[in-house]
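Subject: Structure handover

Hello,

Here is the structure you asked about. Please open it first, then read the notes below it.

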Amino acid sequence: MKQKLSRSLFLIPALALLSIFVVYPVVNTLYLSFLSPEGKFVFLSNYADLLTRREIINPRGFARGFAFGALPHNLLWTLIHLPLTVFFGLLLAVILRHVKGGVIIKSVIFLGMVTPMIIGGVLLRFIFDGRAGIVPVVLSIFNVAPRTLTAHPDTALIALILGSVWIWAGFSMVLYSAGLETIPKELYEAAQIDGATPRHIFFKITIPMLKPITTVVVTMTLLWNLRIFDIVYAATMGGPGGATNVLALQMFFYAFRRLEFNSAAVVATILMLLAMVAATPMIRSAWRESR
Amino acid sequence: MNRKTAATLLIHIIAWAIALIWIVPFLGVFMAAIRPMVEIIRGWWHVDPFTPTWRNFIGAWNHATAPLAEGMLNSFRVAIPATIVPILVAAIAAYGFSRFRFPLKNYLFITIVILMTIPQQMVVIPIFRIMKDIGLLDTHFGLILVHTAWGIPWILFFMRNFFTTLPIAVEEAARIDGASDFTIFFQIVLPMSIPALISAVVLQFMWVWNDFFLALILIFSPDKLLATQRIPLLRGLFHVDWGVLAGGTILVMLVPIIIFVLLQRYYIKGMIGWTSK
């Protein structure tokens, strides 16, 4: 009995803090998303209403160009950012093992991960600036008239997405580097003796052996893509004309600018559901491992 | 042999080209920070004239509306307790999860894993209201509480994974000698866990220092704003004052970068251990 009491003391502080500041708020936000602004229970009608709003999904944008709405922007962000992250991370991890000064290059690339994201946003605004930034100048070599890329609807979102690859690539690079260290050397040696080509070795040994790492990289990158907020806040505030708006930012606008708490709760819930879908492999493996 | 040399050369060129692309934005912001506005407004890569100056750093440090000196002090005031407290609380709980048997343990653990994936947007409205009700809105203490709770899931997950790798024999021997659970935890397990604890400290401190969203929601008095909140305020009213903004970003960036350089090994171990185990 005494032991039971003292042992529960190990768990109580953590569980209490989690209950008050995480679990209760999650349940409460979910409940809010089912209420009308007057407090009446309307279940899913807020969701139906929201999904027809122009700032969330803008069907006319698909025909006329940006803005498409926050939800398609997040999807587009993921579609471009995720493959590039996986590609660059793997490429860098593989080639930097054989490069003189590879450790230094790794640290440089990892700087983006260490930097506060709000500063990441400032840096992106800076490199894309029409006068003081370097990217428009480089593009002018290819006869593109220099302009602030983040200030024009047709280029703003793409610029931020590519910039976010620059910020986040260090993450996948570091994970893949660690993963490569765990592949036994004998596997490579045996394959070489059997006369396998480097290409063969890469696709038949390296890639399959890195599969668990790839799962982690993909999951964490998806979660990161859904959470994009600081970068956009600092670089464009969702502009111009909503062209870089994303769900997390729209939630903030609803809740703390327009005081539409129910709409904000709906956006937050959609974000959470998407995050849970993205994290399913991670949750499942943790579940299997804990039993 | 010749082909191999060419391939090695190509790999080096690609690697250093990528490194160059990756360093250029940082180089740019550094050049903008150490030079007067007139020299960089047409591009920081024009190096003639080149007049190094401290003025941008001083301008950001003593900024009229958003002085970074105050902001960095506030950030330390929040980040230090918001690192120590959750690590202590979560490590104790993690030990419970790794060693004790209790009902619903697996379900509780998986709930905590799920909590790791939840976006902050899902909690901020109720948290804002709770803080308002208990009078902690716009206080650093309130923000520390939220960061503490928010850090618990990943630290718990990370520390539990670490504790399960520790040999249990030492603890059992101590138990036979009559040591209590708390004695065993604080005098045997914690000292063995110092490398993992350092990893947790590095990651949690950087997370809190770099956080913008929670601070944005909970802190709004001008004198209480954290460092990250002041960065957007350094932009200038009518045009972007790149010099002061760059100086400010470097000052705020410097803290996590110094920690990373000094404790890189722990940072990377922590990141890998927390995501993949």
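Which domains does the domain assignment of chain B give? There are two entries: domain 1 (2-53) and domain 2 (68-275). Such bounds come from an automatic or database domain assignment.

First, some ground rules. This is a predicted model, where local features need pLDDT of at least 70, side-chain atom pairs count only at pLDDT 80 or more, and totals for chains, interfaces and linings use all residues. Residues are numbered from 1 along each chain as its sequence is written, while chains are lettered from A and ligands numbered from 1 in the order in which they are written.

**The domains of chain B**

The C-alpha centres of domain 1 and domain 2 of chain B lie 34 Å apart. Seven residues of domain 1 of chain B are in contact with seven residues of domain 2 of chain B. Two residues are in contact if their C-beta atoms, placed from the backbone, lie within 7 Å. On the domain 1 side, α1 (2-33) and α2 (37-40) of chain B each give two or more residues. The most come from α1(B), with four residues. By class, that side has seven nonpolar, no polar and no charged residues. Here Ala, Val, Leu, Ile, Met, Phe, Trp, Tyr, Cys and Pro count as nonpolar, Asp, Glu, Lys and Arg as charged, and the others, Gly among them, as polar.

**The two chains**

Chain B has 14 helices and zero strands. Chain A also comes to 14 helices and zero strands. Both elements are DSSP runs, numbered from the N terminus: helices are H or I with at least four residues, strands are E with at least two.

The C-alpha trace of chain B spans about 75 × 70 × 30 Å along its principal axes. For chain A, the spans are about 75 × 75 × 30 Å.

Chain B has a radius of gyration of 24 Å, whereas a compact globule of 277 residues would have one near 19 Å. That radius is taken over C-alpha atoms, and the globule rule is 2.2 Å times the number of residues to the power 0.38.

How much of each chain is buried? In chain B, 48% of the 277 residues count as buried. In chain A, the share is 47% of 291 residues. A residue is buried if 20 or more other C-beta atoms lie within 10 Å of its own, exposed if 12 or fewer, and partly exposed in between; C-beta atoms are placed from the backbone.

Now take contacts with a separation of 6 or more. In chain B, residues 24 or more positions apart account for 76% of them. In chain A, the figure is 65%.

**Where the chains meet**

**A closer look at α10(B)**

Helix α10 (residues 181-192) of chain B has 12 residues. From first C-alpha to last, α10(B) reaches 15 Å, close to the expected 16 Å. The expected span is 1.5 Å times one less than the number of residues.

Which residues of α10(B) are buried? They are I184(B), F185(B) and V189(B). These residues are on the same side of α10(B), because they cover an arc of only 95 degrees around the axis. The arc is that of the directions from the helix axis to the C-beta atoms. What covers them includes α5 (81-99), α8 (140-163) and α9 (169-176) of chain B. The face turned away from the buried side carries the exposed residues Q187(B) and P191(B).

M131(B) sits in helix α7 (residues 124-133) of chain B. M131(B) counts as buried because 21 other C-beta atoms lie within 10 Å. Leaving aside neighbours within four places in sequence, M131(B) is in contact with L136(B), L137(B), G142(B) and L218(B). Its C-alpha is 23 Å from that of E70(B), 61 residues apart along the chain.

V170(B) is found in helix α9 of chain B. V170(B) has 13 other C-beta atoms within 10 Å, so it is partly exposed. The C-alpha atoms of V170(B) and H63(B) are separated by 56 Å, and the two are 107 residues apart along the chain.

Best wishes
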